Amino acid sequence: MALSMNIPALLFPAISLTMLAYNARYLAIAALIRQLFKEYEATSSAKTHRQISNLRRRLSLIRWMQAIAILSFLASVITMTLLYIEMVTLANMVFGVGLLCLMVSLVLSFVEIKISTKALAIQLDTMKQNT
């Protein structure tokens, strides 16, 4: 298959939307951390410590998701530049790296969602036990 300028250009909106979703997750977690900090100041419970650990792990994952997605975006730009100067073989390799970066970013996103869902399930179980 011949790599044309259109193929890496098609990744631009996909990567941009992915970055928006990651940023929304980051902002949501930042708000949660601020809320949890107030709770932590009031009562330093073991539950709060577990939540802090969970949020720290999720925050780290989101940072990596964003960084790797940016690398994917950068690889797309480099690919188009290489195609423009007719370095097709190198463009194919860089495009492959960009796709790999995007896949890694999406896998990390899946892991973060899994952690988030598990944390919510624990919260729901706690509420169920209290009723």
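This is a predicted model: local features need pLDDT of at least 70, side-chain atom pairs count only at pLDDT 80 or more; totals for chains, interfaces and linings use all residues.
**Entry 1. Terms**

**Entry 2. Helices α1 and α2**

I looked up how α1 lies against α2. Their axes come within 9 Å and cross at roughly 160 degrees. I therefore recorded α1 and α2 as roughly antiparallel to each other. I then sorted the residues of this contact by class and found 24 nonpolar, nine polar and three charged. For the handedness, I noted that α1 passes α2 in a left-handed crossing.

**Entry 3. Helices α2 and α3**

I turned to the next pair. The axes of α2 and α3 come within 8 Å, and their crossing angle is roughly 160 degrees. The contact of α2 with α3 has 23 nonpolar residues, together with nine polar and four charged ones. I recorded the crossing of α2 past α3 as left-handed.

**Entry 4. Helices α1 and α3**

How do α1 and α3 run relative to each other, roughly parallel or roughly antiparallel? I found that their axes come within 12 Å and cross at roughly 25 degrees. An angle under 35 degrees counts as roughly parallel, and α1 and α3 are therefore roughly parallel to each other. I noted a left-handed crossing for α1 and α3 as well.

**Entry 5. The span of α2**

I checked the length of helix α2, which covers residues 46-84. At 1.5 Å a residue, its 39 residues should span 57 Å, and I found its end C-alpha atoms 57 Å apart, which agrees. I also looked just after α2, where Glu86 takes a positive phi of about 60 degrees.

**Entry 6. The largest pocket**

I next looked up the largest pocket and noted a volume of about 540 Å³. Which elements give two or more residues to its lining? I found α1 (6-42), α2 and α3 (88-130). The largest share of the lining, seven residues, comes from α1. In total, 19 residues line the largest pocket. Of these, I listed Leu32, Gln51, Leu55, Ala119 and Gln123 as lying nearest its centre. By class, I divided the residues of the lining into eight nonpolar, six polar and five charged.

Terms used. Residues are numbered from 1 along each chain as its sequence is written. Side-chain values use heavy atoms; hydrogens and water are left out. Helices (H or I, at least four residues) and strands (E, at least two) are DSSP runs, numbered from the N terminus. The expected span of a helix is 1.5 Å times one less than its number of residues. On a 1 Å grid over the protein atoms alone, a cavity is a set of points where a 1.4 Å probe fits but cannot get out, and a pocket is an open set with protein on both sides within 12 Å along at least five of seven lines; lining residues have an atom within 4 Å of a point. Grid points are joined across faces, edges and corners, and a volume is the space filled by probe spheres set on the points. Ala, Val, Leu, Ile, Met, Phe, Trp, Tyr, Cys and Pro count as nonpolar, Asp, Glu, Lys and Arg as charged, and the others, Gly among them, as polar. Axes are lines fitted to C-alpha atoms, for helices over the stretch in contact, and angles run from 0 to 180 degrees between N-to-C directions. Angles under 35 degrees count as roughly parallel, over 145 as roughly antiparallel, 65 to 115 as roughly perpendicular and the rest as oblique. A crossing is left-handed if the near helix is turned anticlockwise from the far one by less than a right angle, and right-handed if clockwise.
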